[in-house]
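Me: Got a model open here and want to go through it quickly. Can you take my questions as they come?

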Amino acid sequence: QNFVESSTNHPSPHLLMVHAPALFVNHGGGPLPLLGRAPTLVQHWTSLSQLLPIPTAIVLVSAHWEENPVRITSAPAPDLLFDYGGFPPETYQYKYP
């Protein structure tokens, strides 16, 4: 965990947790950006990636997948779940980096 000392004038030292930015990312077209069919979206995410720190963790919540009971993974390279259909076969071959 990353902590920094508080700059307030409290009598005892306080530690504050440093948080990474949180992003809401909607699904915008399945694999279309990866197929070159959404260049504006690709340009936006590329420019945004230059402004944000590299995350040490990613939390993903999907409304398109259900499990009972709820399942959570902490795998360093989890398999991708493709919740779309009708796209070219290569769009189902992507791997998490």
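Me: Start with charges. How many salt bridges does the structure hold?
Reply: The structure holds 1 salt bridge. Keep in mind that this is a predicted model.

Me: Which residue does R71 pair with, and how far apart are the closest N and O atoms?
Reply: R71 pairs with E67, and their closest N and O atoms are 3.7 Å apart.

Me: Is R71 buried or exposed?
Reply: R71 is exposed, because its relative accessible area is 64% and the cut-off for exposed is over 50%. E67 has a relative accessible area of 34%, so E67 counts as partly exposed.

Me: Different topic. What is the order of elements from the N terminus?
Reply: The order is β-β-α, with 2 strands and 1 helix in the protein.

Me: Where is T91 found?
Reply: T91 lies in the segment after α1, the helix spanning 39–49.

Me: And is T91 buried or exposed?
Reply: T91 is buried, because its relative accessibility is 0% and buried means under 20%.

Me: What does the side chain of T91 reach?
Reply: The T91 side chain reaches the backbone oxygen of P88, at 2.6 Å.

Me: Which residues does T91 touch, leaving out those up to four places away in sequence?
Reply: T91 touches P31, L35, F82 and Y84.

Me: Back to the whole protein. What share of the residues is buried?
Reply: Of the 97 residues, 5% are buried. The accessible surface is about 9,100 Å², and carbon and sulfur atoms hold 60% of that surface.

Me: What about contacts between residues 24 or more positions apart?
Reply: Those make up 29% of the contacts with a separation of 6 or more.

Methods:
Residues numbered from 1 in each chain as written. Predicted model: local features only at pLDDT ≥ 70, side-chain atom pairs only at ≥ 80, totals over all residues. Heavy atoms only, no water. Salt bridge = Lys/Arg side-chain N within 4 Å of Asp/Glu carboxyl O. Buried < 20%, exposed > 50% of the residue type's maximum accessible area, 1.4 Å probe, protein only. Helix = DSSP H or I, 4+ residues; strand = E, 2+ residues; numbered from the N terminus. Polar contact = N/O pair within 3.5 Å; in protein donor to acceptor, adjacent residues only side chain to side chain. Contact = heavy atoms within 4.5 Å. Areas by Shrake-Rupley, 256 points an atom, 1.4 Å probe, with all protein chains shown as cover.
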